[in-house]
Amino acid sequence: MLPVGSFEQHGPYLPLATDTVIACTLAREIAAAYPVLLLPPVTISCSHEHAGWPGTVSISARTLHAVVTDIAASLRRSGVTGLVLVNGHGGNYVLGNVVQEAGGGMALFPGVPDWEAARSAAGVETSLDGDMHAGEIETSILLHAHPGLVRPGHEAGDHLADDRPHLLTLGMAAYTGSGVIGRPSLASAGKGRDLLASLVASFGPYLALLGGDRPDEQDAGAGKARDQGQHAVDDGDREPLGRAEPGRAERQ
């Protein structure tokens with residue numbers, strides 16, 4: 001599993017690394033439930049629509065395509081035939097092309113149906129389209145998994161901009177002054193917990209598609225010791241991003 005995040009503005013109350021933290025948090029929860037290996041994350045990706053805010057850093061879609069393709073090729077040479085891209089940033093459209101061009105053996109997770117199922121399971125009130133950025137979903141996941149990363153202000157940070165016809169041309173700044181599109185005031189740690197639990201449950205068919213074992217076929221704890229060492233990027237809890245922490249899913 002390769003978490004892919006971003007380094008971009010998330011309003012005044014969430015960190016620049018929000019998408020990376022969420023991708024790694026989800027990947028770690030999955031690794032606690034399924035027999036998968038975790039890679040360290042790709043932490044900078046395609047955030048060009050957020051360039052109106054200082055701190056946002058992007059690479060081109062060509063570069064991200066090349067990086068992920070090279071990682072997949074390296075894994076194949078070492079005998080790893082299946083790769084799941086755990087994407088935390090909606091602007092990484094090119095990842096769909098990477099999977100498409102792979103011709104099998106690769107998957108992109110979560111998909112829109114997985115997010116919709118998670119919204120329903122968690123009682124998220126904002127629509128998936130309306131909850132575009134730093135809204136109810138992202139704030140809830142961080143309130144649950146990394147509350148220390150959420151600064152004050154989300155309670156009054158709501159901004160709706162459902163009609164965004166020229167987002168790719170004009171960027172986010174044409175539709176929001178704060179960098180927020182969504183309703184973070186509705187976020188809660190409980191919703192974050194239920195969002196992650198639903199997404200973990202949705203992962204099973206992806207693993208089966210790539211030839212992996214179903215959860216009921218695993219040895220006890222098989223998914224809890226699969227990480228290949230420490231990673232240098234911290235997730236805000238003084239824990240390396242992408243590291244599978246034993247028992248985390250059960251404790252939260």
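Student: Over how many bridges do E2 and E3 pair?
Tutor: This is a predicted model, in which local features need pLDDT of at least 70 and side-chain atom pairs count only at pLDDT 80 or more, while totals for chains, interfaces and linings use all residues. Residues are numbered from 1 along each chain as its sequence is written, and side-chain values use heavy atoms, with hydrogens and water left out. Strands are DSSP runs of E with at least two residues, helices are runs of H or I with at least four, and both are numbered from the N terminus; two strands pair if DSSP finds at least two bridges between them. In E3, Ala-107 is the bridge partner of Val-84, and E2 and E3 pair in the parallel sense, with a bridge count of four.

Student: Which hand does the crossover from E2 to E3 have?
Tutor: A crossover is right-handed if, with the strands pointing away from the viewer, the path from the first strand over the helix to the second runs clockwise. Here the chain leaves E2, passes through helix H3 (residues 94–102) and reaches E3, and this β-α-β crossover is right-handed.

Student: Why is one side of E1 and of E3 left without a neighbour in the sheet?
Tutor: The three strands form an open sheet with parallel pairing, in the order E1-E2-E3. Strand E1 (2–4) and strand E3 (106–109) stand at the edges, so one side of each lacks a neighbour in the sheet, the reason being that each has a single partner strand.

Student: Which residue in E2 stands opposite Pro-3?
Tutor: E1 and strand E2 (residues 83–87) are paired in the parallel sense over three bridges. The residue of E2 that stands opposite Pro-3 is Val-86.

Student: Which residue in contact with Phe-203 is a phenylalanine?
Tutor: Contact means heavy atoms within 4.5 Å. Leaving aside neighbours within four places in sequence, Phe-203 is in contact with Met-1, Ile-30, Tyr-34, Val-36, Val-84 and Phe-109.
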